Structure formats: structure tokens, C-alpha cells
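Please open the structure in your viewer and keep the selection tool at hand. The tour moves from one selection to the next.

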Amino acid sequence: MSKDKILIVDDDSAMRWTLAQALRGSGYDPLEAGTAAAALTTFDGEQPALTLLDINLPDESGLNVLRKIKERSPEALVIMITTDVHIENTISALRGHAYDFLGKPVNLDELEVRIHNALEAGRLRKEVNLIRKERAREFDLDQIIGRSPARNQMIALARKVAESEVSTVLLQGESGTGKDLLAKAIHYGSRRARAPFVPINCAAIPATLMESEFFGYEKGAFTDAKARKLGLLEQAEGGTVFLDEIGEMELNLQAKLLRVLEEGAFRRVGGLKDVPLDVRVIAASNRNLKADSEAGRFRLDLYYRLSIIQIEVPPLRERGDDVLILAEHFIERFKEQMRKRTGGITPEVAQIFRRYSWPGNIRELRNVIERVMILEDGDMITTTYLPRDLLQDAAGGAPPEAATSYSPPQAIAATADPLVSLPAEGIPLDEVEMSLVRQALERSGGNQTRAAELLGISRGQLRYRLKKLDEATTNH
């Protein structure tokens, strides 16, 4: 394992030698510089894990060196060392984002502890930043799957919201449409991404505990309050609170939430003073809150406060062939998890998926795919293991208007100008299909994704047809 490099910057050569010997004995790799210019050159070339920096240097103030180091590397760890321990120097160093401050003569045991703590803090900070970046990628708005107009319109509005400073957002949509995922994407796409995202299910917290869970409480506020507890709102300071199923919140708590939104402050249960609060509130409901407000089931003033920006999350039945794109996504996910070979859906299943109304939306689709992937042993998902209610609904209903890639038999019969002319002697349908697949591949230069788009099918369906084409070629 490589040793952590520590840069010692001091114009006193005896001090540098003493510190270097101590650092070697503790398992570090010391680097030395006697001037500001040498310090910056060494820092650029060696990228030390930590810098010990004297404030008083012959060619430039150590505080200026600190500023230049932080400009080069904002996450750099610097411990300031000086004989001048006046408070103004300490304040200047800390404002310049020095990690720590030590006076001379340096206690070597204390220095070792300070270095150890700084390096541990630096490693933890890197881990946190890595996790934040991974979360940001995972919940990026572009990761919300689909390409339908309804989905694209929702994403465009959500992106504007994320980049804005709006304090309240209301997400309206049926259960299972992915409102929680959209809320996370807005948070991680905003300047608040480095602060917490705190989800609160308003229907899951008992009414008797709701206020203390939201606002926290002071020691002695009630019998079991043996210490101060921070509420969920306070835990989200600087970040985002996601109030799921806000329509289930009691009216008296709605009034207190409105006060928080209006004044930017709250009071803990049993508290005597207001606590300032800086959070973005994203509320979500599968109910029509405006109608509930007019009926007296939800505060109208809170509804107007929350709906400064309102985003409608479309149901799956209005997202056209997004159902096939999402199905393919879930198939790939469960294929990897379950180590199955099943890798697509048959045309018959695709037609059923387009025709089905999906009352449970994306959540229902995910559950259906998971069930079928558990039971299916073939290369493709067939109708064999589809739920009965899905088959019955799809058989009896008409395809939604948004499903642009499917035309029912009646529409095909009524088409005035057929896309493909049927020869008088007839032609096998499979040959027509395979001819179109070949043309799509030729036109797309072999790009299967683009070829599938030209044919109005998913990539999985195209792979299924290519497999049929390969088998037909082999058999002949």
C-alpha cells in the first residue's frame, strides 16, 4: 500500500526536518518546501494527501497559498501552522477553508492525531461525494425511461423546476406512475443535491405522532421526551422534503405546514422559539386535491401554496409504446437478477400490453414482468403466464389513443392506400415481415435500435424477429 504524501511548507529548515522525521516514523511520505512558490510547484506535481502550511513565508503569505491551493483543489486538506496564534489569523485561515490550525511549538503527538483525523475526514468526504455522484446518475431525469410525448413534456417541466429556486412543487398522478422517482430526480438535479432528500409518507405516520415526527420536540415536551429530537423537516435542512400522499394529512397539521411554507420557520413541540428552515417541499397525491379543497377535505390555501408549480405525471395507458420500452427495461433487469435466458416479448404479448389499461401503471407492469420472468423458461415471454385479468381486459378493451404503433383489424381493413400491395397469387406474411426487417437494418446501417424505431417495435421484438430469420435461413 502506498504511503500518504504530506507536504510540509515552512521557511525554517530545522522545523521541516523535525516534522519530516516524525511523519516518516508514523508511516507517511513527507515532502518539503521552504517558499510559497516551491509549495505550489510541489503541490501541483505531487498532489499530496495533506499540506502542513506555515502562515508566515518569505515570499508570500501562507493565507494566499491556502487560497491558491483551494482554487486548484477545493477538496485539498490543509493544516495551518504558525507562531502567531492571534484570533484574526485563525479566523482568516478557517474562512479560507483550512481543515485545522496549530500553533508553534508543535506538539508532535497532537499533530499526529490531527493529521490522522484530517485524512479520515478526507476519505469519508470522497466516499460521500462518490455516493452523491452515483445517486445523481441513478436519479437523473434522463434515466426516466420512455420517449412518448407525454413523458417528454413531463421531463421538460421537471428539468425547469429542478434548475429553479421554486420552494414548493405538486406532483399529481395515479398510484404507480413513479411520482417518488420524479421527486428524487428533481432533487438530485437541483443545487440541493448535496443536502438530504427526506421522503415522508403522510398516510403511514399515525395521526397522534404526525406533529412530533414532522417538527421534532424539546426535552420535557411530554412524558417520554427525555431529550431533544430533530423532526423530519429539520433533518432535510438545505435539501428536499417529499410529502407523499399529502392528501391524507389531517387538516390541523395542514395549517401548521402552511405556516412553515409561508414563514420559512417552524417550532418544535414544546419549543418556545422559531427555528429557521430552508427546504424545498415536493408534495404528491393520487387524488384531485383541488376537488378535495372545494369539498373541504383539504385546505384550499395550502393547495394554492403547494401548486405554484404543478406537474401531471401521466398514467401508463397515455404513454403509448413506452409500455414496451419499460417492459424491455424490466425484463433486462430481472434477466440479470434471476440469471434467466428469457429476453423479450412475443408480438402477441406486445399487442396485449398496448391494449391493456394498466390501472396499476408502472408498478403493475413491473410486477407482471417479475411474475412472468419467474415462471417463464423459454427465450421469449408468451401469454402462458400472463395474469388472467390482464388477458381479459386486453381482449375486451380497445387500444388507447396514445398507442401509436398499433392499429386494430377494423382500421387495417378500412385503409384506402395499403402500405404493402398483396400479389394476386398471395404471399406468406412471414416473408413480408422479414423483408421489412432486412430493409430497416439496411437503412439503419445495421443499428438495431434505429431499425426497431423504423418498424415501430422494441429492440427485444426486433431481436426475436432476427432470431426467426436466422432459423429460417438455417433450415433452408
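**First stop: a strand and its partners**

Select strand β6 (residues 168–172) and β13: the two run parallel and are joined by 5 bridges. Two strands count as paired if DSSP finds at least two bridges between them; strands (E, at least two residues) and helices (H or I, at least four) are DSSP runs numbered from the N terminus. This is a predicted model, in which local features need pLDDT of at least 70, side-chain atom pairs count only at pLDDT 80 or more, and totals for chains, interfaces and linings use all residues. Residues are numbered from 1 along each chain as its sequence is written, and side-chain values use heavy atoms, with hydrogens and water left out.

Next, select V169, which stands opposite I282 in β13.

Because 6 of its 6 residues are buried, β13 is largely enclosed by the rest of the structure. Buried means under 20% relative accessible area (1.4 Å probe, protein chains only). R280, I282 and A284 point one way, while V281, A283 and S285 point the other.

**Second stop: a pocket**

Select T177, G178, D180, L181 and I362, which lie nearest the centre of the second largest pocket, lined by 30 residues. A pocket is an open set of points on a 1 Å grid over the protein atoms alone, where a 1.4 Å probe fits, with protein on both sides within 12 Å along at least five of seven lines; lining residues have an atom within 4 Å of a point. Finally, select α7, which gives the largest share of this lining, 5 residues.

How values were computed. Buried means under 20% relative accessible area, exposed over 50%, partly exposed in between (1.4 Å probe, protein chains only).
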